[in-house]
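Hi everyone, thanks for making time.

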Amino acid sequence: MRIDFRGSPDPTLGVEWELGLVDRRSRDLRNDADELFAAAAGRLPDPAKLHKELLRNTVEAVTGVCRTVAEAMGDLRATVEAVVPVADGLDLDLYGAGTHPFASWTTQQLTEGHRYAELINRTQWWGRQMLIWGVHVHVGLPERDRVMPVLSALLTYYPHLQALSASSPIWAGTDTGYASNRALMFQQLPTAGLPFQFQTWAEFESFAQDQLTTGVIDELSEIRWDVRPAPHLGTLENRVCDGVSNLTELAALTALCHCLVVDLDERVARGERLAVLPPWHVQENKWRAARYGLDAIVILDADSSERLVTDDLVDLVARLAPVAERLGCAEELQGVLALVERGASYQRQRAVAERTSGDLVAVVDSVVQELRDSL
């Protein structure tokens, strides 16, 4: 089959920020997205920038097509700042993390719509378990034939993004021992998880045809890889990151995604053959980052060289600094190092739990407060 890629002449940005809805008093999830949308009608700067998701306990703030990280963050801020007072009136708070520490999947309600109902009908128990939130970053690419080389090379930095954003250590009242339980939950869906490493666009087209022919998918959007092309938008979509609790860290992660994709694409355009990790190393790196977060020792190359992810991030930020200058996100990229210094969300959540003798309501309080403080 033919899949047209509507290339973007500029390295534009688009960001999608999934947020849970929690009760102001109990701190449990509430299935009140419909009520929130109804109450927010007429108060949002652009109603098209707030979406419903699979479950009624979730909303998603999205940007338009942006040129810089600062523009994208301003876009999200405007939407979320309009939603917060509406949520206040419903005794709701917005919650930005990869999972909720104690909510039960059995009480969550599905958003109306054939696409969601069919997903649950097919995936059953695993689909109903998807109490997870993430951040998706789209970066525009100009040439279809450079998409797959960039995607495959970007997987080398998968654990860096996963470790920085990890925010889902506690599930169903239990510390899982993982920094990102979300990463391993989401890959249980049949078309989710790590992408295949195709060398050419034609190989991707052949794969998509096979998936459609055998009924694995009904449309391209049902390929839910952690990193995937979005042909109708002309972007590469990075879906690695856990949910994020504040705009400052969201800006840092967005800047890192933006710089990585642009740097890799420019190198392909110059005729460079990008180094690609073997799939087994990519898979191991995902597990290590999900398990150990910022303490992960990651595999760097096909020769099996290894390094602590935080040490590698220092050098990566320095190497990408000139790219960040050109893209206007130098300050935001430096925020990656500040995030490491402060500790990732999974570390902060565990610290609150330890400080409060395991009070998971206090953990939710802390995540909610971080979002409010960042507005």
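A word on terms: axes are lines fitted to C-alpha atoms, for helices over the stretch in contact, and angles run from 0 to 180 degrees between N-to-C directions. Helices (H or I, at least four residues) and strands (E, at least two) are DSSP runs, numbered from the N terminus. This is a predicted model, where local features need pLDDT of at least 70, side-chain atom pairs count only at pLDDT 80 or more, and totals for chains, interfaces and linings use all residues. Residues are numbered from 1 along each chain as its sequence is written, and side-chain values use heavy atoms, leaving out hydrogens and water.

Let's start with helix H5 (residues 158–165) and helix H9 (residues 279–292), whose axes come within 8 Å and cross at roughly 15°. H5 and H9 are therefore roughly parallel, a label for angles under 35 degrees; over 145 is roughly antiparallel, 65 to 115 roughly perpendicular, and the rest oblique. Tyr 158, Pro 159, Gln 162 and Ala 163 of H5 meet Asn 285, Lys 286, Ala 289 and Ala 290 of H9, with contact meaning heavy atoms within 4.5 Å.

Next pair: helix H8 (residues 247–269) packs on helix H11 (residues 330–342) at about 125°, axes 7 Å apart. H8 and H11 are therefore oblique to each other.

Finally, which residues of helix H1 (residues 33–40) are buried, that is, under 20% relative accessible area with a 1.4 Å probe, protein chains only (exposed is over 50%, partly exposed in between)? They are Ala 33, Leu 36, Phe 37 and Ala 40.
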